[in-house]
Amino acid sequence: MKSPNEAASPDPDSGPIAGGKGPMKLGDLQKNITMAQIAKQAGVSQGAISSLLNDRDYGIRVSEKTRERVFKVCRELGYIPNDLRAVVRMYPEFGDFCLLMSDQVAKGVARPICARMIGGAFGAVPDDAHSLTVCDYREQYDYLTDLETLPHAVRSGVVSKFICYGSPNSSLLQTLNKRGFPVVSVGYDAPVSGVISIVPDYARAARLAIEHLVQLGHRHIAIVSGAFGTSDWPILELNRGVRVACEELRIPLEAHNIVYGSLAADEEPAELREMLTHKPAPTAVFCMSDGAASAVLAMAASLGIDTPGQLSVIGCGDDPCARYMQRQLSTVRIPIEELGAAAVQQIDRMVREPLPSEPARIVLGVELKARETTAPAQRA
């Protein structure tokens with residue numbers, strides 16, 4: 001499902017050189033074009049050309065419009081600079097792919113969701129080498145004040161296709177946008193000009209989970225959410241979905257049945273034990289990650305609570321571990337691999353066209369996976 005303001009997908013074979021002879025290839029470019037020829041055709045000084053090609057200002061201010069005009073002339077002439085970084089600035093379709101991951105993403109690439117997304121993106125990279133650089137960015141840093149602190153992949157100049165995962169850093173996105181590079185934000189909505197966000201329908205995922213439990217006859221449903229007061233966009237959307245579903249289905253959200261904290265499998269908030277032993281006890285739990293669901297199952301087992309007989313548990317994500325527990329975990333599948341693949345495919349199209357002037361969003365569907373940890377509620 002796509003939002004109405006999504007940028008139109010350009011033709012993957014667009015980006016012809018002069019004469020419109022088809023998709024550009026490095027072999028079509030030539031080195032016998034001089035900067036003097038480019039300067040004359042673009043109507044600018046050779047100093048401005050040198051400034052643009054070397055990414056240095058040399059005391060010469062070059063406007064965005066001039067930059068676009070110079071690069072357009074270079075592309076029409078089929079000019080290829082000697083410096084690979086200048087080639088990538090001028091022909092971003094020849095640059096590499098990069099996944100920029102927030103430093104606030106706990107455990108980084110070791111998280112199942114990150115590993116799955118990287119796998120999906122890696123497999124979708126079109127060249128045979130499947131080159132994909134992964135590096136961190138600082139979520140709360142102002143990169144506009146010090147460009148030397150930009151992530152190495154950005155500073156290196158050989159990467160031109162960026163995927164961001166984590167809460168968006170607007171200064172980083174603006175820097176990439178200013179350089180004419182396409183950016184796709186995955187899993188997080190980034191309402192920044194020139195950026196396309198590809199996100200799962202988290203609110204729908206929560207609704208599917210609550211609806212499933214209600215259809216099984218559960219009325220006392222507990223929620224294991226993220227940290228209290230979090231600004232993490234997926235958690236906010238999941239909580240919104242829970243709230244809307246409970247309002248529409250007339251299911252009470254009781255304060256003692258809401259646990260805030262880590263959603264990792266190896267952490268068990270103290271409130272979890274209190275929730276499961278509270279009277280009346282919940283008959284079902286919706287966890288906003290499969291890791292949290294596994295922690296609930298472990299805690300329930302330690303307390304002698306039978307699942308799913310006395311307690312139904314449903315997670316969110318459909319990580320591989322969900323199918324290899326003692327009982328296969330009921331969960332809502334989030335299309336993480338598809339998220340990474342869609343981001344690569346979207347960027348590979350965007351890089352041949354002008355950046356979209358407005359932010360846009362693509363929403364991927366989710367799917368309920370009812371397995372062995374949910375069952376009809378026992379009658380009192």
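Helix α10 (residues 270–277) and helix α11 (residues 290–302) have axes that come within 10 Å and cross at roughly 55°. α10 is therefore oblique to α11, oblique being the class left over once angles under 35 degrees (roughly parallel), over 145 (roughly antiparallel) and 65 to 115 (roughly perpendicular) are taken out. On the α10 side, Leu 272, Arg 273 and Leu 276 make the contact, and on the α11 side Ala 295, Val 296, Met 299, Ala 300 and Ser 302 do; contact means heavy atoms within 4.5 Å. By type, the residues of this contact are six nonpolar, one polar and one charged.

The model is predicted: local features need pLDDT of at least 70, side-chain atom pairs count only at pLDDT 80 or more, and totals for chains, interfaces and linings use all residues. Residues are numbered from 1 along each chain as its sequence is written, and side-chain values use heavy atoms, leaving out hydrogens and water.

The protein chain has twelve helices and twelve strands, these being DSSP runs of H or I with at least four residues for helices and of E with at least two for strands. Of its 380 residues, 51% are buried, that is, under 20% relative accessible area with a 1.4 Å probe, while exposed means over 50%.

Two loops hold a cis peptide bond. Lys 279 to Pro 280 has omega near -5°, and Pro 280 lies between α10 and β8 (284–287). Thr 307 to Pro 308 has omega near 5°, with Pro 308 between α11 and β9 (312–314).

Arg 250, not a glycine, has a positive phi of about 60° and is exposed at 70%. Asp 318, also not a glycine, has a positive phi of about 65° but is buried at 5% relative accessibility.

Note on methods:
Axes fitted to C-alpha atoms, helices over the stretch in contact; angles between N-to-C directions. Nonpolar A, V, L, I, M, F, W, Y, C, P; charged D, E, K, R; others polar.
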